[in-house]
Amino acid sequence: MFSFNMFDHPLPRAFQSRFSTQYRCYSVSMLAGPNDRSDVEKGGKIIMPPSALDQLSRLNITYPMLFKLTNKNSDRMTHCGVLEFVADEGICYLPHWMMQNLLLEEGGLVQVESVNLMVATYSKFQPQSPDFLDITNPKAVLENALRNFACLTTGDVIAINYNEKIYELRVMETKPDKAVSIIECDMNVDFDAPLGYKEPERKQQQHEESPEEEADHSSYADMDVGFRAFTGSGNRLDGKKKGIEPSPAPLDPSDIKRGIPNYEFKIGKITFIRNSRPQPKKLEDEDAVSRFIAFSGEGQSLRKKGRKP
């Protein structure tokens, strides 16, 4: 009688559930072909060879396909998705920002492993330049850019393209794990202050300059008042001085009223201040309008009554 134990032998590769291999990595600009693949630089997905697809189809892996990239020489790792399987055998193509995170050079070796990641619920980013504040709606721009990404890893510096300008953002925090999937998820996004950003000190400067400005207003009275209308004296035909008013007395500094400058003035903005108020209509005018009757006048005749021609 013979005994047989199938577990004494190693499992064939067809029953393995994990993909793990090494590739030589190159940036997308090295990808040969007539088509422009600049769209790969705008996301977080890589291009792998067709043999990887054949091997992945034989494995019991979950979709979407997510991978962990590791540079064993520098102990740096990140996560990504896959865009296409059209690379040459033994080669994979990565976005330039991903190669910078992994400290990889052209032709360097990278370990590619299939992984399962939790769905993201929260992420926090820090722009690497204050120029990111010039964007009108940064959350909408980031949401649109993340559509080309499959996952996020805490500590990575991702690059997004907006208005033909590249903005770098560091992933400061992700929940519920340090590496999360962002495919078909409802994720809350928050921003840290950009790197090198300084808070403006406009309010403090206004308070410091206010006493000096008040002192400047008091010095206006010492200035020459300049031209004053109707300051001459009149002359009578009979030569008498009676009834001729002398020239007006010089103005006191307290009588000089000068406007206060608008400290909230902004270039390109015009403010109209009208002190005049519309005068209320008189009741007599309203009565006259209400009593008006058309064709109510009396006619006149050229011929007088009681006189015969």
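This is a predicted model: local features need pLDDT of at least 70, side-chain atom pairs count only at pLDDT 80 or more; totals for chains, interfaces and linings use all residues.
A nonpolar core is a set of buried Ala, Val, Leu, Ile, Met, Phe, Trp, Tyr and Cys residues joined through side-chain atoms within 4.5 Å; buried means under 20% relative accessible area with a 1.4 Å probe, protein chains only.

Residues are numbered from 1 along each chain as its sequence is written, and side-chain values use heavy atoms, with hydrogens and water left out.

Back to L146: leaving aside residues up to four places away in sequence, L146 touches F125, L152, I158, I182 and M187 (contact means heavy atoms within 4.5 Å).

Now for helix α3 (residues 138-145), whose buried residues are V141, L142 and A145. They sit on the same side of α3 because they cover an arc of only 95 degrees around the axis, taken from the directions from the helix axis to the C-beta atoms. Helices (H or I, at least four residues) and strands (E, at least two) are DSSP runs, numbered from the N terminus. The strands that the buried residues of α3 pack against are these:

| Strand | Residues |
|---|---|
| β8 | 122-127 |
| β10 | 157-162 |
| β13 | 188-191 |

Elsewhere, an open sheet of three strands runs β7-β12-β9 with mixed pairing; strands pair if DSSP finds at least two bridges between them. β7 (118-119) and β9 (151-153) are at the edges with a single partner strand each, so one side of each has no neighbour in the sheet. β7 pairs with β12 (residues 179-181) in the parallel sense over two bridges, and V119 has S181 as its bridge partner in β12.

How values were computed:
Buried means under 20% relative accessible area, exposed over 50%, partly exposed in between (1.4 Å probe, protein chains only).
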